[in-house]
Amino acid sequence: MAGIGSNLSAGELLDRIGRITRGLQFVGGLSPAQWEALRYLARANRYSCNPSALARFLGATRGTISQTLIALEDKGYLRRLKGERDRRTVRLELTTAGVALLESDPLGEVEGALETLPTAEAAVLADMLGRVLGHLQRRLGGDAFGICEDCRLFSAEDAPGDPQGPHRCGLTGEPLSDGDKQRICVEFRADA
Ligand code: SF4
């Protein structure tokens with residue numbers, strides 16, 4: 001039996017999914033923005049765990065992000081530390097409680113729905129959604145972000161034998177580990 005989805009355009013379907021997804025995230029005493037901040041900080045690399053990068057990722061103002069961070073800190077899910085290189089900067093880190101809370105991420109409901117699709121179709125859908133998002137970001141001026149190993153500045157085996165990792169960042173010249181290459185980065189550069 002055809003669902004209501006078959007009568008809607010792709011844009012309308014994305015809008016409805018977005019509304020449902022947002023509605024799911026008013027749980028656990030958190031707002032959708034607070035869940036998104038937790039998710040981001042769990043995946044961001046060392047250049048990206050700061051209020052400025054978070055504001056760019058969420059497309060929010062520094063004031064809005066400040067309120068989000070205060071709320072998460074008050075709930076014990078987040079702590080602010082001094083930057084490792086520059087003590088004047090702020091580094092954001094999830095607490096054990098914050099990491100544990102993400103085990104019950106309400107977005108799991110959406111991931112579960114996607115898992116009902118055949119694996120190959122789910123991969124094609126993710127690729128297409130990524131391209132739509134990229135197009136919108138280029139038109140509307142949002143930051144791209146992206147996974148480190150997909151960045152054009154990522155060198156796969158440029159630091160063999162380095163205890164910090166066999167890969168290297170072409171922007172900072174620093175080594176990157178296998179874990180680092182899976183993280184999202186505020187400095188991500190898509191193919192030229
Ligand atoms: S290679 Fe690109 S994505 Fe990776 S850390 Fe460097 S700038 Fe960031």
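Student: Why is Lys181 called buried?

Tutor: This model is predicted, and the value is computed from it. Lys181 has a relative accessible area of 19%. Buried means under 20%. Lys181 is therefore buried.

Student: Where is Lys181 in the chain?

Tutor: Lys181 belongs to the segment after β5, which covers 175–176.

Student: What does Lys181 touch beyond its sequence neighbours?

Tutor: Leave out residues up to four places away in sequence. Lys181 then touches Ile147, Cys148, Glu149, Phe154 and His167. A contact needs heavy atoms within 4.5 Å.

Student: What is the space taken by the ligand?

Tutor: That space is the largest cavity. A cavity is a set of points where a 1.4 Å probe fits but cannot get out.

Student: Take Tyr47 from that shell. Why is Tyr47 counted as buried?

Tutor: Its relative accessibility is 18%. The limit for buried is under 20%. Tyr47 therefore counts as buried.

Student: Where is Tyr47, and which residues is Tyr47 in contact with?

Tutor: Tyr47 sits in the loop between α2 (32–43) and α3 (51–58). Set aside neighbours within four places in sequence. Tyr47 is then in contact with Cys169, Thr172, Glu174, Cys185 and Val186. Cys169 and Cys185 are also among the residues around the ligand.

Student: How far is Tyr47 from Gly142, in sequence and in space?

Tutor: They are 95 residues apart in sequence. From C-alpha to C-alpha, they are 18 Å apart in space.

Student: What makes Trp35 a buried residue?

Tutor: Trp35 has 1% relative accessibility. Buried needs under 20%, so Trp35 counts as buried. Trp35 lies in helix α2. Beyond four places in sequence, Trp35 touches Gln25, Val27, Leu30, Leu101, Leu102, Ser104, Asp105 and Pro106.

Student: Buried or exposed: how do you know which one Gly28 is?

Tutor: Gly28 is at 54% relative accessibility. Exposed means over 50%. Gly28 therefore counts as exposed. Gly28 is in the loop between α1 (10–24) and α2. The C-alpha atoms of Gly28 and Ala53 are separated by 25 Å, and these residues are 25 residues apart along the chain.

Student: Why is Ala159 called buried?

Tutor: Ala159 has 4% relative accessibility. The cut-off is under 20%, so Ala159 counts as buried. Ala159 is placed in the loop between β3 (154–155) and β4 (167–169). Ala159 and Ser177 are 18 residues apart along the chain, and their C-alpha atoms are separated by 9.7 Å.

Student: And Thr95: what makes Thr95 buried?

Tutor: Its relative accessible area is 11%. That meets the under 20% rule, so Thr95 is buried. Thr95 is found in the loop between β2 (90–94) and α5 (96–101). Its contacts beyond four places in sequence are Gly76, Tyr77, Leu78 and Arg79.

Student: Now the whole chain. What share of the residues is buried?

Tutor: Buried residues make up 31% of the 192 residues.

Student: How many helices and strands are there, and in what order do they run?

Tutor: There are seven helices and five strands. From the N terminus on, they run α-α-α-α-β-β-α-α-α-β-β-β.

Student: What share of contacts joins residues at least 24 apart?

Tutor: The share is 49%, among contacts between residues at least 6 apart in sequence.

How values were computed. Residues are numbered from 1 along each chain as its sequence is written. This is a predicted model: local features need pLDDT of at least 70, side-chain atom pairs count only at pLDDT 80 or more; totals for chains, interfaces and linings use all residues. Side-chain values use heavy atoms; hydrogens and water are left out. A residue is near a molecule or strand if one of its heavy atoms lies within 4 Å of it. On a 1 Å grid over the protein atoms alone, a cavity is a set of points where a 1.4 Å probe fits but cannot get out, and a pocket is an open set with protein on both sides within 12 Å along at least five of seven lines; lining residues have an atom within 4 Å of a point. A molecule sits in a cavity or pocket if more than half of its atoms lie within 2 Å of its grid points. Helices (H or I, at least four residues) and strands (E, at least two) are DSSP runs, numbered from the N terminus. Buried means under 20% relative accessible area, exposed over 50%, partly exposed in between (1.4 Å probe, protein chains only).
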